[in-house]
Structures are given as C-alpha cells and as structure tokens.
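Let's take a friendly walk through a protein model, one region at a time. Keep the 3D view open as you read.

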Amino acid sequence: MPVFTISGMILRSLFGRPATRMYPAVRRDDLKGSRGHIEIAIDDCVFCGLCQRKCPTEALAVDRNAKLWEINRLRCISCNCCCEVCPKKCLSMAGGYSAAVSSPAEAEKHHA
Amino acid sequence: MIEFQDLRETTPERLLGEVQEMRNSGYRLVQIGATRTEGFEINYSFDRNLAFVNLKIRLADNDQVIPSITDVYWSAFLYENELHDLFGLQIRNINIDYQGNFYKVTRPAAFAERPVVAPRPKRTVKPAADTEDREK
Amino acid sequence: MTKRTIIPFGPQHPVLPEPIHLDLVVEDETVVEAIPSIGFIHRGLEKLVEKRDFQEFVYVAERICGICSFIHGMTYCHGVEQLMKIEVPARAHYLRTVWSELSRIHSHLLWLGLTADAFGFESLFMHSWRLREKVLDIIEATTGGRVIFGSCKIGGVRRDIENAELKAIAARLQDYAKEYKELGDVFLNDLTVKRRLCGVGTLSGADALQLGAVGPMLRASGVAQDMRLLKYAAYGEIAFAPITASEGDSYARCAVRIGEIFQSVDIIRQCSEKIPAGAIETKVVGFPDGEFYARTEQPRGEVIYYVKANGTKNLERLRVRTPTFANIPAMLKVMPGIQLADVPVLVLTIDPCISCTER
C-alpha cells in the first residue's frame, strides 16, 4: 500500500495541538489595528456634520440644534472615514464588533 | 508608465471587417462594453502582447441592429447577451442567443435609462430640524 | 444513438463557492455540451457610480468581490488616477504591491482548498485553509480587515506599514513557504490527486488565446501573459517572470497557481527590501475627465476597468470585466468529452469568482 504524500501532515494534526480554538469560550485577542466599531467622545463634538457628509453608507446623522449625534451600527462599514475628517478628533475606532441585534436597529444616539 | 492605448472609432458597417482584421493579426478579445451617452457607445477591446486596441462605435438609439462578432470570436456571445439584457441593444446572429434571459432582470434595459442624480435622502433626526445642510 | 439527458448543475452545489448554473447535456456519463446560465447575484454595481461620487466609490469597488477585493479597489484607483494625472508616491505603490501579493497568496490557497474539495479530498481542503488563516492574520494586522481591506484610496493608501514590520512579515512568509511547499507537494505528487487532475480538461495555447482566456488558465497552456508586466504599482522595479506550464490540463493550472504562491512570497521579500521612505498619499483636487482602460492582474487573471468621466463628481460610466467572465467560454470548450464526476474539477479550474463576474 503506498504511503500517501499527505501522511506527514495528517499525523502531525492527529497528534499535535488543534489549529482551532474553542470559541466562544476562548476568544482571540484583537490584533492591533483591527477594525471594530466607532466611538465618540461626545463632549468634544461640535456637531459640524462633516462626518455625516463623508460617510459612504449614510450611517451617521448629526443635529446641531439638538446636539445629537447618532450612528446606525448596521450601516457602518468601519471604514474610518469619519475619524479621519473629524476636525475635533473626537471619533475613534475601537476594537470589537458591534453587538448583534434582533431587529433592524434604531440609530444609537449620543447627546452632549 | 502605463502602456499606450490605441483608441479608434469605427462604424457599424465597417465593424465586422475590422474585427476580422484583428483576429487575423492575432489579437484576442478583451471585452465588449457599452456606455449610455446621448445615444450609445459600444467599445470592443482587443489585446496582443500587452498592446491594447479599442474600437468604438456610436449609435443614436438602441433600435439600430448591429452585427454580432461571434463568427470571428466565439467567446463574444457572453458580452453581447449582456449588452442586450442590460442596455436593450439589438444584436443579430449571436451564435448562442439567450433572447433576453441571460440576466434575469426585473427591469429590462435598465442601464439604458438616463442617470437620475437623486438628492441624498434626508435622515430624520428627533427633533426634526432643518438646520443641517445634508445635500452635498 | 445513445440517449441524451440534461442534468442541471448548480446554482446550489456543494463545490461551488458562488452560484452559477450549467445545463449539462450528457450521454451516459460523458458530458457532450454545457450551457451556462449566470446572473444569480447580479447587483448592478456599475450603475451605482451615478449615486456615489468618485472618491466614495472605492468602497463599492472593493466589495464587488470578497476574494480579490483589494485588487478591484486598486484598479479603480489606478484608473481614476491615470485620468486625473495624479502622481501617487512611490511608497504607496510599494504598499499596494505588497497587499496585492498578499491577496494573491490567500486567493490561491483558497483555490487549492476548493479544488481539493471538488475532487473529494476534504482534509487537504482544511489544511489549505488552515495555512490561509495565517495570511489573513497578516492582512488583518496591516489593514484592519481580513477580506475587505479598506486600505486603498484615490491618491495613495490609507495606512502605512513600518519598514521593520514589513521585513518581519517577509521573514514570516519565508517560514510559511516551507509549509506551502509541503502542501504543494501533496497536490503535485500525490498519486490520488494526480489521477484526478492529469489530463482533465486540456486546452491548447492557441485555443486559449482565441477564446479569450486569461490568467493561470492561459499561462498553463504555455502563453506567458501577465498584466503585471504592464508595470503598474511597483511592478516595474520588481524582478519577476510569468510562471507558465505547457500541458494545459488541470494539473498544469494547479502547478501554475502553486508556483505563483512562491513567486508572491518572493515579490513581497523584494518589496520589503526596496521600499522607499516617503508619503503614502497625494491630495486629490478637481474632478476626473476623459476615458481610460485600467488593466491589472488579479489572482484569476486580467481585470479591466473602463472608467469614463465628464468632469463632475460622479463618473459617467464604469465598466468592469473580470477574469472569470473571460474564462467562462474556455471552461465551456473543455467540457465536452469528460466524465460527469470531473465537472466540478473543471468548473473550479478556472477559479470561478461569480460575484465578480456579475457585479
């Protein structure tokens, strides 16, 4: 019976450590620089609306009079454009995916 | 830095003759695409050893029937069926003709409609305020 | 006269990564003809240029496909930059080259896995994808995303990789290359794999050229055509030669793709040594005007972006012709004469990326 070329790989995976992890009990640390979700330091925001204009998926809405900044998490693609154009640098990308929701979300609101 | 692109114009009558010349000179078909301008423009692109040649024909309307080049290049039937389904262009003698069922689109010839630049929809924010200028 | 039956293949089929439908006309077990039917995931993305301005459209262009996403974005940026005569800084060109080659490595490893699945070798499929995960980790560490990079923009790139990190990545890939060699040996030397790949779907060089085949499908039939020789991005300063094979069967295409993995590792090593310091982007002013055909080499072959602009912030027309669209006629021509069980291998041998094909 011929020895298959893949025998080395098979034996190593049979007797070695598994290549997978037991998610969700064991989570992977986020790599530095991974895209996650957008966070805002609402006290620094001047509600200029630049982030809303630049967002390619129209996930942001800003109301200057009501001092309201809201984001629709399901539309956000974590592209980082809003963080780059914010003149006050109050937007940042934090790690971790946005949580799953069970119905089409209302926008997440932040008041100053 | 990038290669010189030979963009030529031709007419639907001279199209088959020029495509046959391309084939005889050893060019391969790269793509066939259409653009909706005032009328239509159809681009036939060819390549040989990284040298790029493009033949463009202009049509006033998509009623005009143009000949298929599938006799010369067998693989052109995919592009020509796509042009028919998306732009409504009439092409006769395609060797494998899906007769409008290539892409099962709900709106036939959707790409032949003029582009409508719709204003960005206003996002409703409570309380409704008209102070934000949301149109770019 | 044997009876002919028509067997529908797809759009739901375990080996297909994306839906495509083939009507196979078979006599007993031999396929006589194949008639394709595409359009299941046609999203009409080309019409979206009317709504998204030309700078935002990079995000849409990247999402045309999940496997070759970076090169779609890069070709779009390349096309618009040539129209606007923007000089992209050299460092950005090198970074784009690095990411393109990382894209190519992960795409070919994905293809190796899917091909193994197509002829039923699931453990080999899992091993290929296990090796692919390590490349995806490198990509995520440098761009932030595993599949959709989001790092290309008109005028340059959005993130930088420091030289030390780049050298570390190149060194790590050299280590991974030993595992790729082991994986490649299974594909190329194993008795059972060779029985499924050798002699299946032979395509001659002249036929491949006339049918419009591109990429590894063409290079495995002996024609040395590679769009990277057009010297876009940093390819003008990197030494490489297109990898070809001469038999033109599925085994040759497998060998070409495995060879390209090693070639990509080498190109990344060269980039890490030659990358200059400097800015990573140029400011974009004004609007594009004119028309241009941008051609680059995706893992599957030549992609061409026809960009037409008229001086406003929306492009007038964007036409994308992806390599799978060009390879479908070649796939149809090699089908007659094969056994029904070889159909999945031949469908996979063009490396079908149907979401690219239908945009």
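## Two helices side by side

In this predicted model, α3(C) passes α9(C) in a left-handed crossing (the near helix is turned anticlockwise from the far one by less than a right angle; clockwise would be right-handed). Helices (H or I, at least four residues) and strands (E, at least two) are DSSP runs, numbered from the N terminus. Helix α3 covers residues 90-118 of chain C and helix α9 covers residues 250-274; they pack at an angle of about 155 degrees, with their axes 9 Å apart. That angle makes α3(C) roughly antiparallel to α9(C) (under 35 degrees counts as roughly parallel, over 145 as roughly antiparallel, 65 to 115 as roughly perpendicular and the rest as oblique). Axes are lines fitted to C-alpha atoms, for helices over the stretch in contact, and angles run from 0 to 180 degrees between N-to-C directions.

Which residues of α3(C) and α9(C) meet? Among them are C:Leu102 and C:Trp111 in α3(C), and C:Ile261 and C:Val265 in α9(C). Being in contact means that the C-beta atoms, placed from the backbone, lie within 7 Å. This contact has twelve nonpolar, four polar and four charged residues (Ala, Val, Leu, Ile, Met, Phe, Trp, Tyr, Cys and Pro are nonpolar, Asp, Glu, Lys and Arg charged, and the others, Gly among them, polar).

## A sheet and its helices

Now look for β6-β7-β8 of chain C, the order of an open sheet of three strands with antiparallel pairing. Strands pair if DSSP finds at least two bridges between them. At the edges are β6 (289-298) and β8 (315-321) of chain C, each pairing on one side only. Neighbouring strands here are turned by 10 degrees against each other on average, direction ignored. Helix α2 (residues 69-84) of chain C packs on this sheet and touches β6 and β7.

Strand β7 (residues 301-310) of chain C is joined to β8(C) by six bridges, and C:Tyr306 has C:Arg319 as its bridge partner. Helix α10 (residues 323-334) of chain C lies across β6, β7 and β8, running at about 130 degrees to β7(C).

## Where chains B and C touch

How many residues of chain B are in contact with chain C? There are 26, and they touch 26 residues of chain C. The largest share of chain B's side, six residues, comes from β2(B).

## Reading the numbers

Residues are numbered from 1 along each chain as its sequence is written, while chains are lettered from A and ligands numbered from 1 in the order in which they are written. In this predicted model, local features need pLDDT of at least 70 and side-chain atom pairs count only at pLDDT 80 or more, whereas totals for chains, interfaces and linings use all residues.

Note on methods:
Two residues are in contact if their C-beta atoms, placed from the backbone, lie within 7 Å.
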